[in-house]
Amino acid sequence: MSSLKEICEGLPLDPLPPRRPRDESVAHAPVRTPDLSPAEQRLALENALRYFPSNLHETLAPEFAEELQSYGHIYMYRFLPQMQIRAYPIGEIPARNRHAAAIIHMILNNLDPRVAQFPQELVTYGGNGQVLSNWAQFWVLMKYLSEMTDDQTLVMNSGHPLGLFPSSTSAPRLVITNGMVIPNYSSRDDYEKMFALGVTMYGQMTAGSYCYIGPQGIVHGTTLTILNAARKHLGVTDMAGKVFVTSGLGGMSGAQPKAAAICGCIGVVAEVSREALEKRHKQGWLMQVTDNMDECMAIIRQARRQKTTLSLGYHGNIVDIWERFVYEYESTGDLLVDLGSDQTSCHNPFLGGYYPVQISYEEALTTMHEDPIRFKNLVQESLRRQIAAINKLADRGMFFWDYGNAFLLEADRAGAEVGRQQGLNGTMFRYPSYVQDIMGDIFSLGFGPFRWVCTSGDPSDLEKTDEITASILEDIINKGVPEGIKQQYTDNIRWIREAKSNKLVVGSQARILYSDQNGRIAIATAFNDAVADGKLKGPVVLSRDHHDVSGTDSPFRETSNIYDGSAFTADMAVQNAIGDAFRGATWVALHNGGGVGWGEVINGGFGLVLDGSQDAGQRAKRMLAWDVSNGVARRCWSGNNRAEETICRTMDDNPKLKVTLPNHVEDKSILDKALGNA
């Protein structure tokens, strides 16, 4: 068994670890279909062998070639560490630099089998959200981090550790880029080839930036979305007896049943993978499971009558559920669903992100790589059927929204009737994105998914941070805030007060909370003071989902409510990562892809270690202020009134902040007159 010390000593080469067969008792990533030419296969193999001295090439080349031909990628299973991978307490991690040890803590959490979707393929979530591209990179990365000093910066190029470079103590310790290919070569087919060649990688949002914290990361956002959808579209604050139907239990989508239970409604989630369904059931995120459709309908009816809080997992295809709801309505007049969405990984629809209803899960796993053209046709037919059923139910009063997973985009590409409005943006469909409908206004107020990880690994540290946070938010309310902001703080105080009882932790001792700039800075400062005073046993790592106020330019999700024609630009995300870097972030990341798919989004993220030093406190204030105001300013310039109000309040609080405000065209008729269209 390897140990923490051993994995920080670099690639085990003398002797080589024995070759082991792939462990078929755990879930694996779908086989990839890169369609490499013979010359490209040779190049992929040559690229992989670069990590090893030439005397080992004859031994390793045949098995790497076999992996490439069998799985469509060289993962280097021989070098899978033979130890329990988890977020070890920072005090146990051998590293010269405390911040580097915190980064190791985060990486190991991303690969923890309780957290990761396909840990042996280094996939954290989303079907293809890689932490790294292969296991050789893991060993090299661990060695670099363990050796790093306070004046070095590690550069990561799409999973490849380029090296440690001299920098300064004020520079980031780590700079990550994933998938930053030239735009004309950012298609899915291009990606499959480049990933197989080992020259690029899809880091999703928080997989390749080492900041994933398990499904909890999206539980809170899903909770807020469901609560606000009920307020806005059902006219209720009490969700007892209301039914929310969706799909997907792998990776981040596993958060959906927990969020439904927190909201007090009936959450019904379909999942084709029994392994994923059972995993969530064992973790307590699903209260009940069934694979019988008649039983599923009976359970829903009973829960509606009794107004029971329930999270129900259905082992089967979501299309069958939607079509059964149509049948139930047409035969009995009962509309059994109030709210609906979808959270399958539709950004990756033809390689395991979406499973068609016409064939079994097992048959789909084979068909997607043996007959990819047939599989694509089946997926698109299935999407058309799913939308047809959703449309019928929506016509009867159900409210449906897109969850930013490219579901409506892919349905539109499949020819489904989703009512896409062509035009300058082309981001409007019959059903709104949850950002357009709900979360966009929250982002414009400066609120987003702020996160922290207690690197001590001690649950009592997490409890203390919960207490600190709730107290700070209550103090902010007591000092007086606008009514709309007060609602956000109130929702988040309720969340943090109930966090422990909801048993949200999977993996590292982590928490998520939606907060604005004032809240984030106040919380970070208090955490840093608590580390300095010994009230917390170890440093705290701050991060956020890239799905936030400033982190992501994504026209079909985060920036889908940007209507000035700039929805497809990515200046904000790039500026966010650059600005975080020189304002004090411990590490920064910039990715192509994430959430809605390769070539559809650019996103930036950060990690910041609060070690109790005065320097850490100053970095937090500088960096967090920029990390929020950057996005609020962009949203303001696009014409969002809430963002303009928010940035004006922020400028009043800080005279050094000066943001360009738009002059609005009050009389739109002058535009037509000027163009001769009047």
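In strand β17, Ile602, Gly604, Phe606, Leu608 and Leu610 point one way, Asn603, Gly605, Gly607 and Val609 point the other way, and all of these residues are buried, where buried denotes under 20% relative accessible area, exposed over 50% and partly exposed the range in between, with a 1.4 Å probe and protein chains only. Strand β17 spans residues 602-610, and because 9 of its 9 residues are buried, the strand is largely enclosed by the rest of the structure. The structure is a predicted model, in which local features need pLDDT of at least 70 and side-chain atom pairs count only at pLDDT 80 or more, whereas totals for chains, interfaces and linings use all residues. Residues are numbered from 1 along each chain as its sequence is written, and side-chain values use heavy atoms, with hydrogens and water left out. Strands (E, at least two residues) and helices (H or I, at least four residues) are DSSP runs numbered from the N terminus, and two strands are taken to pair if DSSP finds at least two bridges between them.

Several strands pair with β17. Strand β14 (residues 540-544) runs antiparallel to β17 and is joined to it by 4 bridges, with Leu542 standing opposite Leu608. Strand β16 (residues 587-592) is likewise antiparallel to β17, over 6 bridges, and Ala589 of this pairing has Gly605 in β17 as its bridge partner. Strand β15 (residues 552-553) pairs with β17 in the antiparallel sense over 2 bridges, where Thr552 is partnered by Asn603.

Leu145 touches Ala95, Ala100, Ile103, Ile104, Ile107 and Leu154, when residues up to four places away in sequence are not counted, contact meaning heavy atoms within 4.5 Å.

Leu154, one of the contacts of Leu145, has Leu164 in β4 as its bridge partner. Strands β3 (residues 152-157) and β4 (residues 160-166) pair in the antiparallel sense over 6 bridges, and the two form a hairpin with 2 residues between them, in whose turn Ser158 has a positive phi of about 50 degrees. Strand β3 also pairs with β5 (residues 174-178), in this case in the parallel sense and over 4 bridges, with Asn157 opposite Thr177 in β5.

A further set of 6 strands forms an open sheet with parallel pairing, in the order β8-β9-β7-β6-β10-β11. Its edge strands are β8 (288-290) and β11 (399-400), each of which pairs on one side only. Within this sheet, β6 (residues 243-247) and β10 (residues 339-340) run parallel and are joined by 2 bridges, and Phe244 has Leu339 as its bridge partner in β10.

The loop between β10 and α12 (349-353) contains Thr344, which is buried with a relative accessible area of 15%. Neighbours within four places in sequence aside, Thr344 is in contact with Ser247, Gly248, Gly353, Tyr354 and Asn405; Thr344 and Tyr354 are 10 residues apart in sequence, and their C-alpha atoms are 6.0 Å apart in space. Gly353 is also approached by Gly127, the C-alpha atoms of the two residues being separated by 6.1 Å although they are 226 residues apart along the chain. Gly127 is found in the loop between β1 (123-125) and β2 (129-130) and is buried, with a relative accessible area of 7%. Not counting residues up to four places away in sequence, Gly127 touches Pro30, Gln117, Phe118 and Ser345.

Among the helices, α7 (residues 216-234) and α16 (residues 434-444) pack at an angle of about 110 degrees with their axes 11 Å apart, the axes being lines fitted to C-alpha atoms over the stretch in contact and the angles running from 0 to 180 degrees between N-to-C directions. This makes α7 roughly perpendicular to α16, a description that applies to angles of 65 to 115 degrees, with those under 35 counted as roughly parallel, those over 145 as roughly antiparallel and the rest as oblique. In the contact, Thr225, Asn228, Ala229, Lys232 and His233 of α7 meet Tyr434, Asp437, Ile438, Met439 and Ile442 of α16.
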